[in-house]
Structures are given as C-alpha cells and as structure tokens.
Amino acid sequence: MALTAIFFYLFAVLALASAATVIVAKNPVHAVLFLILTFFNAAGLFILLNAEFLAMLLIIVYVGAVAVLFLFVVMMLDVDFAELRAGFIKNAPVGLLVGGVVLAELVALLAARGIGPVASTLVAQPIPQDLSNTEALGRILYTKYIYFFQGAGLVLLVAMIGAIVLTLRHKEGVKRQSIADQVARGPATAVKMVKVASGGSAIPDSKSDH
Amino acid sequence: MPVELTSYTAALPEIILAAGAMVLLMLGAFGAEADERADRVGWLGILVLFVTGVALLSQTGTERAFNDAFISDPFARFVKLLVLVGSGAAIVLSFDDMRRAHANRYETPVLILLSTVGMMMMISANDLIALYLGLELQSLALYVLAAIRRDDVRSSEAGMKYFVLGALSSGMLLYGASLLYGYTGTTTFAGIATAAAAPGAATNLGLIAGLVFLLVGLAFKISAVPFHMWTPDVYEGAPTPITAFFAAAPKLAALALLARVLSEPFGGMEVQWQKIVIFLAIASMLLGAFAAIGQTNIKRLMAYSSIGHVGFALVGLAAGSEEGIQSLLIYLAIYLVMTLGSFACILAMRRESGPVEEISELSGLAETDLPMAFTLAMLLFSLAGVPPLAGFFAKFYVFAAAVKAELYGLAIIGVLSSVVGAFYYLRIVKVMFFDDAKPAFTTTAPYVRVVMIGAGLFVLLYAIYPSPLIDAAAAAAKSFSF
C-alpha cells in the first residue's frame, strides 16, 4: 500500500506542477510539452485506480491526437503570443474579480458539503467480477448508453461536416491525381507503337518541338 | 442482454430525421451541378421533416426510451412540431437567397436537419447527458450555419462570435451539470427530482449552485439578458434565412428544455429558481424594448425584438403553474409564426445591387408594394401586441398566468415594456406608409411570398378561431405535474 501511496503522490505532484507550468511557460511549444506530461501523469493516476482502459485512452487520444494537433497549430501558425498577452495586465483586475467570486463560491460549496445523502449510494456502477474494465465499459456503452453513444456520434458528424464546409475549397486548374483513371489505363491508351527507322529517333515528332 | 427494437419507437421521429439527414448528405455529395444538388437536397429535406412530423403525430400518451433518458410526452410533441415547422420554413426561405448570393450549398439543409435532431433531443431530454448532447448537436450545427458564407467577413465573424460564446455557455452548463451530479449521484431527471425533494436539499448550496449554472448556460442559448450580448451581432452577420432559423427554432427548443428542467427535476425548488427567472424576464423585456429604439438595421432590430419576446415567454414560465406552461406554449407558437413572417419580409427586401437591411430602405413601401407593406405592418402590429392580432393574445395569456400566480409586479413591468416596444415597431409602419417612396424591390421568389402571406393571415385570423391552439397547448401543459 505504501508503494501505491508513493506513486499516487508522485503522479499527483507532477501533474499539478506540469499543469501549472503549462500556464506559466513563455514558450508555447514548451507549454504543449508540459501538457503532454500532465496527461501522462493523469494516466498514471487512472492506472492506480484500476481504470487501465481510461489510462490508455487518455494517452492515445489526448497525447496521440489532441496534443500533437496543438503542437502542429502552435508551430505552423504564426501566432504572436506576446501580442496576445499584451491585454493581460489590463484585463487582469476584472479576471481576478470574476475568478475570486467563483473561487469563493467553490469554497462555500465545499464548506456546505454539496454532496447529497443519496449520492454515495448511487455512484457505484459495479464492474462484474469476471470482466476486465474495458469489456465492462464496452458492454454498458452499447446497451444502457446507446442513446448517448449515438448522439455523440451525430455531434462528431456535424463537427466533421462543419470543418469540411468551412475550409475545403476546390481550386480551379489544380492537377489532381485520379486513381480510378490511373487504374483504368490499359495498353491501348498507355502504349504507343512506333516504328523506328534504323538510325532514326524513337521520340515521335521530335522535330516539330523545335 | 438483448434489446427489443420496439423500445425505440418513442424516438422514431428523431431516428427518421437523423437517418434522413445522413442519406441526404450522401445524395448531396454525389451528382449534378451544385445549384441543382442544393435544391434537390433542400426539397427532400422538407419531405424528411414532413415524414418526421407524421411519425410524431402518430405517437400518443407518454413514451419513454433508452432507460428513461428520452421522453416523448404531449409537451415534447407540441414543441417538436413547432420546431419542425420552423426548420422547414427556414429551408424554404433559404433557396432563393442562397442562390442569389452564389452560396447555394447542399450542406445548408443537411445542417439544418441535424440541428433539428439536436433540438428534438433537447426537447425530449430526460437526463443531463441527453440534455447536453442535444444542446451541443444543435449548437454545433448552428455555429457552422452562421459562418456558412465563408467568404463574407460578417458571416465568418458571426460564426466565430457565436462559437466562442456558445462554447463558454456550454462550459457553464456542464459545470452546473457536474455539480448536480455531485449532489444527487445521478444524471436522470427523475433521480434529481427525488434527491431535490429530500429534506434540506432545497437549501443545499451544491444543488442551488448547480441549478444556477445550468440556468446560466440555458439563458445563453435563449439569449435572455444578461446573456444576450452575442445576439445582435450574430443575427446581423449570419445570412438572413439562417437568422430566421436562429430566431425561430433553437429558441423554442431551449425554452422548452428550460421549462422541462424547471418543472420536472426542480419542480420542488420553485422558490429558488423563480427569482432568477423573474429577473431574466424583466431584464430581457426592458432591454428588448429600450435597446431596439436606436437600431437602423432591421436584422439587429429583430434581434433585440427576439430578446424582448424571450422575456415575455419567460413571464409564463415564471408563473410556475400549468396555466403558465400553457401560455408559454401558445406564446412560442405565435412567436414562431410572427418571426418567420417578418423574416420572409426582410428576405424580400432586395434591390438590383443585392439585399438591403436598413429600415430606411422600407420608406414608402405602401406605394410600391402594398400587399407586402400591409403584411409586414400586420406582423409588426402583432409583434407589438396590438389587439386583435395574434401577438396580443400571446402576451395576454402570459400576463394572465403571471397575475394568477400573484406576480403583479412582473405583469405590470411586462405591459409597460410592451408599450415602449410598440414605439419601434410602429416607427417602421410609419416609414412604410407615410415616408417618400424609394425604388421598388425586385420581385421575390414565390415561396418567400407564401410564407409571408401565410404568416400574415395567421396573425390576422387567429382571433376568429383560437381554440385548436389553446386546446393543444392545454393538453401539452398537462405533461408536467405541479
């Protein structure tokens, strides 16, 4: 148990520290790299909770896709972060005020014990003993939560349509590869038989090019 | 665990609509020339909406599906029908405008259909996750629709603003939902209702904070003051048929969702939410009345008008009674028709050089196009709430419900702001009938004209035969227990 505790504190401290660094780091590329470190530590925490599926998901989806996408955006777009931060000091008082109010509310919430008496009896969705948690998640996702699963699918479909509608442009005069045309090419269209006179050129009509 | 397919029948209309939208997406992706494809997908989209409506009307009683995450009761069906009408009309209105702007894309009707699926999911939501997914499906499609004219700076700006503020409001809503889940330990509305009825729950900070954040998120979506900032810019920047869609369908869905959330899971906490709803209602009515006075752009004016109307609709909700819900439903139905008619008129404002949106362009319309001037005048009188037009009755019902619930102050402020609001509606009528004539507008597409005249007739003749709407709303309002 002591080992678990050590790992818990290791992951937790690292996660918090790297999350703070994400905000503080001047260089946006460093910020993204620290974000990745945060994700890895969160994944470690999930493993401690025996939720290995979520841990792997976090690494594959968030590190593999989302964070790398962030990196691409940060490195490819010419965003002047110093300029973006210029308004920070000016707006800081308002931000602090709003943040302070929300923080005070949260503290009050914690002090008032915002957890109902029935909540603790309802939260547990016990995993059947003979199943791994990946399998258990799969079972519940496709039965009890099928509606939410399909709904989320529709949301993603809309996101995809939106991205295509707003960005895809068919430019005129761009030479595109047509795989169907390439595959359909046969000897009849691709090969031309030329009778070459001895001593002559094999390139047809080479003279007319001059 | 085998699942009976018959357990999905409650959601049959949504399934038809979603499947139809996806089929149309495939149809649009392949085939003829762009304009032709867009028109074909548009008309087929209206057909899909119609079939969905038929499936909706064939349902009776209260049906539940998906472990109680989805509910189809008379209330849901009433609002869903209105939303379907709004979506269909938006597609009809979009044909001509999009073609003339050379922005006729088949994705527009598909996105409208998918957004409608989201709205229907919202209306039928009986679970926090279903609520969020429906809301997000609806909003995401709307963000794209606002920016669909991507080469137009104003349209892109509208899409961007809507997206950023909408994402912020979704965040608030999710935060509220997580607090509610933290307190109750469940996401189902029934479970939340049970937990909220427990002794001491109604004054628990966790539950109240969750409720407030949820309300903030929803107030953003219905653009109630003080969460209305995005509305004028988005309405002005988005293409006009899309603005008509924004003003009509999503507001109805979000208001219906709000009504369900407040009446079902939080029915026992009326003391807590009533003050918030009253504040939202008063602020929206006043801002809608006063801020619209200075507007010169008719789309901006309609944005402020819609903010005001949301305020009036919230008066019905604030009453927290069956009469209140009934008046809210009648208000939504009449508001839908008035909005669609007004936007059909705005779409008809077009000269050789392109569409015009300034109120001064309507100058002397009575001389050049009397039918349109008359129709628009009727719609504006109705929006202002002048008897005997439909808009008067809509306001009358909500104020009657408020008075019955002993919210006298709210009703008085409502009537006063309605009087102030009448000023700017009547100013447009004055411009149309008494100012010097400007050159005539170019001829409009016949179906835009149909929507315009249809809405005008409804507004004029509602007083003669109001009972079908009243009865339907009364039956729908019985879905909630008070």
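A cavity is a set of grid points where a 1.4 Å probe fits but cannot get out. In this predicted model, the largest cavity has a volume of about 90 Å³. A search of the whole structure finds 7 cavities of 30 Å³ or more.

**The largest cavity**

Its lining has 16 residues. Nearest the centre lie Phe312(B), Ser417(B), Gly421(B), Tyr424(B) and Tyr425(B). Four elements of chain B each give two or more residues to this lining: helix H11 (270-291), helix H12 (298-318), helix H15 (370-384) and helix H17 (408-434). The largest share, 6 residues, comes from H17(B).

Lys395(B) lies over the face of Phe312(B), at 4.5 Å from the ring centre.

**The second largest pocket**

The second largest pocket holds about 590 Å³ of space. It is lined by 20 residues. Ala34(B), Asn104(B), Arg105(B), Glu107(B) and Arg150(B) lie nearest its centre. Helix H2 (residues 34-57) of chain B supplies the largest share of this lining, 3 residues.

The table sets out the two linings by residue class.

| Site | Nonpolar | Polar | Charged |
|---|---|---|---|
| Largest cavity | 8 residues | 7 residues | 1 residue |

**Chain B as a whole**

Chain B has 19 helices and 4 strands. Its radius of gyration is 21 Å, close to the 23 Å that the globule rule gives for 482 residues, so chain B is as compact as a globular protein of that length. The C-alpha trace of chain B spans about 70 × 55 × 40 Å along its principal axes. Of the 482 residues, 63% count as buried.

**Aromatic contacts**

Over all chains, the search of the whole structure finds 28 aromatic pairs. One of them joins Tyr162(B) and Trp230(B). The rings sit 4.7 Å apart, centre to centre, with 15° between the planes. Why does this pair count as stacked? Planes under 30 degrees apart count as stacked, and the angle here is 15°.

Tyr162(B) lies in helix H6 (residues 153-184) and Trp230(B) in helix H9 (residues 230-237), both of chain B, so the pair ties together parts that are 68 residues apart in sequence. Are the two residues, Tyr162(B) and Trp230(B), buried or exposed? Both are buried.

A further group draws on chains A and B. Tyr145(A), Tyr147(A) and Phe148(A) form one aromatic cluster with Tyr8(B), Phe66(B) and Phe70(B).

Technical notes. Residues numbered from 1 in each chain as written. Chains lettered and ligands numbered in written order. Predicted model: local features only at pLDDT ≥ 70, side-chain atom pairs only at ≥ 80, totals over all residues. Heavy atoms only, no water. Phe/Tyr/Trp six-rings, centres within 6.5 Å; stacked < 30°, edge-to-face > 60°. Buried < 20%, exposed > 50% of the residue type's maximum accessible area, 1.4 Å probe, protein only. Lys NZ or Arg CZ within 6 Å of the ring centre and 35° of its normal. 1 Å grid on protein atoms, 1.4 Å probe; cavity = no way out; pocket = protein on both sides within 12 Å on 5 of 7 lines; lining within 4 Å. Points joined across faces, edges and corners; volume = space filled by probe spheres on them. Rg over C-alpha atoms; globule rule 2.2 N^0.38 Å. Nonpolar A, V, L, I, M, F, W, Y, C, P; charged D, E, K, R; others polar.
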